[in-house]
Amino acid sequence: MGFDVKGKRVTVVGAARSGLAAAKLLAGRGAHVTLSEARDEVPDAGALRAAGVSLEVGGHKTDTFTSADLIVLSPGVAPEQREVSAARERGVPIVGEVELASRWLQGRVIAITGTKGKSTTTALTGRMLEAAGFTVAVGGNIGAPLSDQVSASTPDTLHVVETSSFQLEQIDTFHPWIAVMLNLSPDHLDRHPSVEAYAAAKARIFENQTAEDWAVINADDQFVLELARQGRAVRRPFARHAAIADGTVIENGWIVDRRGSASERLVPLAAIHLLGPHLVADVMAAATVGVIAGAAPAAMTAAVESFPGLEHAMELIAEIAGVRFVNDSKATNVESALRSVESFDAGLVPIMGGRFKGGDLRLLRAALASRAKAVVAIGEARRLIRDAFEGAVPVHEAAALDEAVRKAFELAKPSGVVLLAPACASFDMFRDYAERGRKFKEEVKRLSDEQSSVG
């Protein structure tokens, strides 16, 4: 498996988790690795140097790119970056970290993508397969980078990999045994030049599959159905709403595997403890993978029953003086925020804002008008949010998250819900969505302590 990089000059671009893992993997395989990072510091610099990795920090040098035999991009690095473009013009091969790692994997790959729900579905699929007795490694865009899984990969390993559009746009031979596409709506339009380019990147998950592979697709999403038609894999749909003769559906309170007139019960809906009805579709997708892999329904149900959901994804964190607080910091685009808002009834006060990634915020107007008492806007997108929601719901602004939490709490009294559903990226105020979610939880904890001392 894999390919020979011994003695080759490889430039790894970006020193986030994926880049660090790729640099160590390549150095271990005998490559002359340079890790190029725009920031002034690189995590684990000492360990990297000890592994033989050269570090280029504080900016990228064009010669480091154009003189390389191979360039490996971290997902956060735009392929149109000037130095990358110069290397491309010189004919230097350019791949992403997922593509690189996949060439050395011995086990089969289950790749999961979609605009929303990727992390939840990936984590739950891994749990289901583990409960069924398979050897499983979970990672990619969630958890451990794929490069970190190479050394332990065996022919029996099932690699459950969350894949983003940034990762998929830089593949070449990446070949999932099972490719899952959950949904598709406009996102990352600050990076992709158009919705069509974003969709094309997502659709690459199917391009190297054969007739012996599987495409698990959401039959409720017309965009997904259209993109999946381009592939050669056997299509296996799931649907909460669409009428399908074969696939994963809901019947009489159960997620079932329907094959013509016969149905096999897989997971009872009562076993799902996730907040938000849209997350049922993620459970259905995971169960569909389980059926293909040969997991027993009892194992799948056990995994679902013990799955509390992921941090920062519709995470119920507290109730203070009758007001519930829910952390959905992972709702970084309009469609995710809409599903989050639609999970609640009246009395909702969402905290929204950050660095806007594109899309149409006005798509949230109707859902907010029927559910929200107000919206608290934060970050760079405050004015965009005010303009988008004017006339539908009152919009209050807050300069920082601590102020937003307190303002939302007062607005949500006596029995409402404060929901962090930003519809935006976090990079104007925080390192990532996880830091934003943790900060939200810290401020809610501080508020709770204050209320307790007053009471």
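Analyst: Happy to! Ser74 sits in the loop that runs between strand 4 and helix 4 (82–89); helices (H or I, at least four residues) and strands (E, at least two) are DSSP runs, numbered from the N terminus. This is a predicted model, in which local features need pLDDT of at least 70 and side-chain atom pairs count only at pLDDT 80 or more, while totals for chains, interfaces and linings use all residues. Residues are numbered from 1 along each chain as its sequence is written, and side-chain values use heavy atoms, leaving out hydrogens and water.

Leaving aside neighbours within four places in sequence, Ser74 is in contact with Val13, Gly14, Ser18 and Gly19, where contact means heavy atoms within 4.5 Å. For two of these residues there is a polar detail: a polar atom of the Ser74 side chain lies 2.9 Å from the backbone oxygen of Val13 and 3.0 Å from the backbone oxygen of Gly14.

Now for the strands. Strand 1 (residues 9–13) pairs with strand 4 (residues 70–73) in the parallel sense over 4 bridges; two strands pair if DSSP finds at least two bridges between them. Within this pair, Thr11 stands opposite Ile71 in strand 4. Both strands belong to an open sheet of 5 strands with parallel pairing, in the order 3-2-1-4-5. Its edges are strand 3 (54–56) and strand 5 (94–96), each pairing on one side only.

Terms used:
A polar contact is a pair of N or O atoms within 3.5 Å; within protein, one must be able to donate a hydrogen and the other to accept it, and residues adjacent in sequence count only if both atoms are side-chain atoms.
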